[in-house]
Amino acid sequence: MNKNHILGLVLVALAAGALLITLEDKHSEFEDWKMKFGTQKWTQSEEHYRRLIFYQNLDIINKHNSEPHHTYKMGVNQFTIYTDQEFESLFLNPMMKTNPITDADVSMPTVGADIDWVAKGMVTPVKNQGTCGSCWAFSAIATVESYYKLKNQTVSLSEQQLVDCSASYGNHGCDGGSHVEGTKYVRDKGVKLESEYPYVGKTDPCKVQGGAHKVTNVSQTKGCTGMQNALVNRPLGVGVDARGWGKYSSGVFSDCSTNLNHALLLVGVTGTYWHIKNSWRTSWGEHGYIKLALGNTCGICLSDASWAL
């Protein structure tokens, strides 16, 4: 047997060994994922399907993170068992716009001093909307909770009440709605504490309308500069196109389109990025937050930016 043939056999053996290690690592990571997130009761075939999707997503994550030109990292989280299509179907909804914006200023805003409402203690903890399309309710409640923070009051208010009880404002529970209209519900009727009307992640019949916690008014702005100017005074409810967000882990994100399908809370800005609080629990992103490249990234400057007064 000549040396070239022996070398070929060695290389084949090494490649097979590398593949085996890779598969073993993937198996181990999937088992770790199940320990952390796997509350589902899967059939054997469903688990096999989810495992294959997990492996495919892990390949995408590892390849992305090995490429030095990206400005953000991907990572394993609760969404790693879903295809991109499933992620969009389960967790995103086309946003209902209260004031259609056709002339929004999408130019790069000029940022003075950095704004960070989290560091100032004016933002409540990250919550978890689950598979209910209630991001609009979480965005609305987050703006109201920050409104109370600015009045030196810390409260955790009920997103579920908005999901169940604000249909007359054009909202559709777990099938989507408007963070602006959700905040108007709180203005008009008030809202219960989360402890009084806890979150269940599905649309139920309304148990009780209104509550003790209200706001005086709801204000809106549009465009990158208008949003930045309003952010000087308080966090803002905003909308984005979040279709590419499922694998995000850290860094400054910019790989997205501008078809708005997700609402959240804008909590800060620097000379290079918007800082945003999401409602996908702290296991996603930077402990529940994402940095978006400054400008109209993911359509943020096209959204109805709103706040409670």
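The legends below describe close-up views of a predicted model. Local features are given at pLDDT of at least 70 and side-chain atom pairs at pLDDT 80 or more, while totals for chains, interfaces and linings use all residues. Residues are numbered from 1 along each chain as its sequence is written, and side-chain values use heavy atoms, with hydrogens and water left out.

View 1. Strand 8 spans residues 289-293; helices (H or I, at least four residues) and strands (E, at least two) are DSSP runs, numbered from the N terminus. Strands pair if DSSP finds at least two bridges between them. Strand 7 (residues 273-277) is antiparallel to strand 8, with 5 bridges. Strand 5 (residues 248-253) runs parallel to strand 8 and is joined to strand 8 by 2 bridges. Lys-291 is the bridge partner of His-275 and also of Val-252.

**View 2. Ser-166 in its loop.** Ser-166 sits in the loop between helix 5 (159-165) and helix 6 (179-189). Ser-166 is buried, at a relative accessible area of 0%. A polar atom of the Ser-166 side chain lies 2.7 Å from the backbone oxygen of Leu-162. Apart from neighbours within four places in sequence, Ser-166 is in contact (heavy atoms within 4.5 Å) with Trp-136, Gln-161, Asn-171 and Tyr-185.

**View 3. The largest pocket.** A pocket is found on a 1 Å grid over the protein atoms alone, as an open set of points where a 1.4 Å probe fits, with protein on both sides within 12 Å along at least five of seven lines; lining residues have an atom within 4 Å of a point. The volume, the space filled by probe spheres set on the points, is about 350 Å³ for the largest pocket. Of its 19 lining residues, Gln-40, Tyr-82, Phe-91, Gly-130 and Thr-131 lie nearest the centre. The lining has 9 nonpolar, 8 polar and 2 charged residues, with Asp, Glu, Lys and Arg counted as charged, Ala, Val, Leu, Ile, Met, Phe, Trp, Tyr, Cys and Pro as nonpolar, and the others, Gly among them, as polar.

**View 4. The second largest pocket.** This pocket has a volume of about 180 Å³ and 13 lining residues, with Asp-84, Arg-243, Gly-244, Gly-246 and Lys-247 nearest its centre. Helix 2 (44-66), strand 1 (72-74) and helix 3 (84-91) each supply at least two lining residues.

Note on methods: Buried means under 20% relative accessible area, exposed over 50%, partly exposed in between (1.4 Å probe, protein chains only). A polar contact is a pair of N or O atoms within 3.5 Å; within protein, one must be able to donate a hydrogen and the other to accept it, and residues adjacent in sequence count only if both atoms are side-chain atoms.
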